[in-house]
Amino acid sequence: MNAIIATTIFGIIMMFASFMVNSKSAISTLAVVLFAALLGVNIWDLVNTPANAPQLLFSNMLRIEHYSLWFSTLMTGCSLLYVLLMGREIQKVGTHVAEYFALIFFILCGVYVLSTYNNLLMLFIGIEIMSIPQYILAGSDKKNLKSSEASLKYLLMGAFSTGILLMGITLLYGAARTFDIMEMVSVLHSDALNPLALAGIMFIMIALSFKVSAAPMHMWTPDVYDGAPTPFTAYMATIVKAAAFFAFLRLFQVSFNSLSEHWTIILAIITAATLLVGNVTAVFQQSVKRMLAYSSIAQAGFMLFAILAVNAIAWQGIIIYAVAYSVATIGIFSVLVKLKDYTYDGFNGLAKKEPLLAFTAAIFLFSLAGIPLTGGFMAKYYVVLAVVQQGHLLWLVIFALLMAAISVYYYFRVIIAMYFKTGNPEMTSPVTAGDRLMLIITCLLVLMLGIVPQLFLNHI
Amino acid sequence: MILILLILIPLLMGILSFAIKGEGARPLALISSILTMAVSGYVSGANYTAPITYTHDWIPILGTQFSLVADGMSSMLCLLTGIVVMVVMIVSVNKPVEKPGSFYGFLLLSQAGLMGVFLAYDALLFYVFWELALIPVYFLCSIWGGEKRIPVTFKFFIYTFVGSLMMLSGLIYLSTQTQGLSSYAWGDIVRAGSSLPPEKQQWVFWLIFIAFAIKMPVFPFHTWQPDTYEQSPTPVTIILSALMVKMGLYAVLRWLLPVLPAGVAYWSDTVIILAVIGIVYASCIAIVQTDIKRLIAYSSIAHMGLMAAVAFAGSGVGMHGVMVQMFNHGITITGMWIIVSIIEDRWGTRDMTKLGGMATVAPKMAIAFVIISLASIALPLTNNFIGEFMLFNGLFSGTEASHTVMMVLAGLGIILGAVYTLNMIQKTTYGEAVAMRTGKDLTVNEYLGLAIIICLVLFLGVYPKPLLDLTSGIASMIVK
């Protein structure tokens, strides 16, 4: 897993760059180059690791599997896309541009640990590595009170949930006498179930629900996402959330699989609540940014499907969902940051003023809503298929699809504003040729995921 | 290969049309629609020997293929799509419209979606085209529609989207029940569905049927329809009422009746009762309308209700009648809408109470209107007579005694239909000219478009054999 080392080094390089390089755009370019290099390292790892032979690293602390390498690579790819789309906006957040990029590299380090951890302690460390840079990024707009509030709130809630996670791990250790998630499998089974283990699983489930912002542990999400500088919200809502999901899935799929009868119903209720709260509350938002925060809660509801379905499709499901959702969300945020006014009315008449921006935004919104021929459809399809194949919980599938229909309401309000209303949206900066190119590429990715997903799915 | 042309021509021409600035999109759209019409004509002609098929791998790991089959019913509906879109293009070729490039682009895209729906032989592909046909129409209505267009079309979109998602969950469920690997091929879905135990079929039925019921629309899922028809620009109203509602009925015949026989048997009486309520209810409302666009919208609910009822009655003649009537209704209602749009264009109102005297001002148009209206109430020697006769015959000769009662009630629809249609003709065409003192008669392109419609109306009314032959095999297959 060279990527863990590489991302750490790149992060440190970026920190040094902050006093070696003066121009913001040079820093930004350097970051793009390093992200591309990091993607290269990930691909190198992927190619050089045999597909069917998991490797154990660092005294069994990490377990490198085919799925985890794919996940890491794809998330790095999304990060590269993110930096390319958002680079100029990141420069505008504050003065410490290089540090922002460094922190993103550190977040990615946490992502890699979470995708490969084989030990509950590594789960804890991974979550911390991933979260702490985010607390800083959330508060990086120092002159803005809302940003500071977001940072503090995020820190407190994050610390709180980490505490619960640790408690869960401790209880689980009491029952299983091991931190190793593979060894745990032989100890935890239904016929001689230690109540401590069950309590531990519940604590861990609640802590991870905090991290993925599942209801009723979602309260922090709208405020943090709304308060944090928009470019960083985009990152938190996508790659970080996807990584937390992957960790969630890994633990519950590998270790707690045989106990699924005990936790499925609770998780199913959490899923239903997440879908309900996310979708219904999103309808009432006036700000698109806040709507996207609630929509990310709603999308989390769908991702929870993959965890509920304890079968092989779930792995593919979470990966394709993570990618499709991340690409579309990064895309829509990159359109959003171009606008001065984040309310729905701020989008009025965008189609006339910036047809390309409006068109790509429409495609991203289609994808988030799950319209066929976009990546979002395939993603939803996969997680739904995983649960349907499981056989029970069909009520949840139908409920989720009804909620998906509600989601059309708030996603399409943006489209209505852009295409059917008149107005003159104010832009923060002119849209450059580079922006256009990147938006077109992102848009093509979304469509490719929807039209020819086998190019991608055949390998996972 | 020829089948893929039916989708590709409108798709590519549609995309091209977006790129064209100014009026260049009109001839392009016209040429595209004529080409598509020619291909669909060829497909229907070739169909008397054997169905044409085309299969290509799409997403093998999901068990879905890009599989198109044009049997009698599919090729008939493709032909209908070809004819209707061509007539729309002919009639609207000189009507001013804002941003013609996007307008015609969306129209052609929706045509591509419709063709796909009628041809798809794979459930997931069918679903994709089902949505694909909807989205361009949503944009068309929302950009070029009437005053209240945005909330109205939004309601329409959400309604149909809810339905399609339910259908999707049903289809996914069925595909997981297929033997071996999951598959979406029509044959596999039929085998999986019909081998489900009856009580499962009974609830899967609703998952799938609700989408089709909203599209057709069957009472009480019809509330989106009159508003949407009223607010849409006429070319879109034609696409909606002549073609898109047929999607719902076609889907019932293709993806519901053969797939869930036990579920259908259990619920058929319920659906027939709902459909008959719809017929009577819509006819009664149509009588009190003064806006001719709304009047025709409600009459369309009544006509579709009859077809829906018979589709569930389970008799061979009836099923054959449903197919024939899908075509006939599509042709007739296209003519109706064209005349309505001309009236609105020339005289600026759709209110019957303000109209009158068309026969003196625009005699050609009046003749066309009368012929098409008479076809709409199924007078003998018009195409709809053949269809409705078969429908009633089918309902009457159905397996159950209660169907006879239903037939009598549905027969009210014909009487009421005559009431509101003749009333409409009387108020608009004859009498004193109030608003219609001046105004041109039909222009050349309108004349041509309506001539095509009227020729078809009369030809199929006198000699319906080609249409009957095209669909005869399919009807017996579904009813079996």
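What follows is a walk through the helix contacts, chain by chain.

Guide: Keep in mind that this is a predicted model.

Start with chain A as a whole. Chain A holds 19 helices and two strands. Its C-alpha atoms fill a box of roughly 65 × 55 × 45 Å along the principal axes. Of the 460 residues in chain A, 60% are buried. Take the contacts in chain A with a separation of 6 or more: residues 24 or more positions apart account for 81% of them.

Now go to helix α18 of chain A, residues 433-451. A:Met438 sits in this helix. Is A:Met438 buried or partly exposed? A:Met438 has 19 C-beta neighbours inside 10 Å, so it counts as partly exposed; a residue is buried only with 20 or more. Leaving aside residues up to four places away in sequence, A:Met438 touches A:Leu84 and A:Leu85. A:Ile363 lies 75 residues from A:Met438 along the chain, and their C-alpha atoms are separated by 14 Å.

The packing partner to look at here is α16(A), residues 375-390. Two packed helices are described by the angle between their axes and the distance between the axes. For α16(A) and α18(A), the angle is about 40 degrees and the axes are 6 Å apart. The two helices are therefore oblique to each other. On the α16(A) side, the contact uses A:Gly375, A:Phe377 and A:Met378. They meet A:Val446, A:Leu449 and A:Gly450 of α18(A). By class, that contact has four nonpolar, two polar and no charged residues.

Turn to chain B. Its helix α3 (residues 72-91) packs with its helix α18 (residues 444-462). The angle is about 160 degrees, and the axes are 8 Å apart. That makes α3(B) roughly antiparallel to α18(B). The crossing is left-handed. From α3(B) come B:Val87, B:Ile90 and B:Val91. They meet B:Asn445, B:Glu446, B:Leu448, B:Gly449, B:Ile452 and B:Ile453 of α18(B). The residues of this contact divide into six nonpolar, two polar and one charged.

Next comes α5(B) with α10(B), residues 234-256. Their axes come within 12 Å and cross at roughly 165 degrees. These two are therefore roughly antiparallel as well. α5(B) passes α10(B) in a left-handed crossing. α5(B) brings B:Ala123, B:Phe126, B:Trp130, B:Ala133, B:Val137, B:Leu140 and B:Cys141. α10(B) brings B:Val236, B:Ile239, B:Leu240, B:Met244, B:Met247 and B:Trp255. This contact has 13 nonpolar residues, no polar and no charged.

That helix leads on to the interface between the chains. The contact takes 23 residues from chain A and 22 residues from chain B. On the chain B side, α5 (123-144) and α6 (149-176) each supply at least two residues. α6(B) gives the most, with 11 residues. The chain B side has 18 nonpolar, three polar and one charged residues. So where does α5(B) take part? α5(B) meets α10(B) inside its own chain, and α5(B) also supplies residues to the side that touches chain A.

Notes: Residues numbered from 1 in each chain as written. Chains lettered and ligands numbered in written order. Predicted model: local features only at pLDDT ≥ 70, side-chain atom pairs only at ≥ 80, totals over all residues. Helix = DSSP H or I, 4+ residues; strand = E, 2+ residues; numbered from the N terminus. Buried ≥ 20, exposed ≤ 12 C-beta atoms within 10 Å, placed from the backbone. Contact = placed C-beta atoms within 7 Å. Nonpolar A, V, L, I, M, F, W, Y, C, P; charged D, E, K, R; others polar. Axes fitted to C-alpha atoms, helices over the stretch in contact; angles between N-to-C directions. Parallel < 35°, antiparallel > 145°, perpendicular 65-115°, else oblique. Left-handed = near helix turned anticlockwise from the far one by under 90°.
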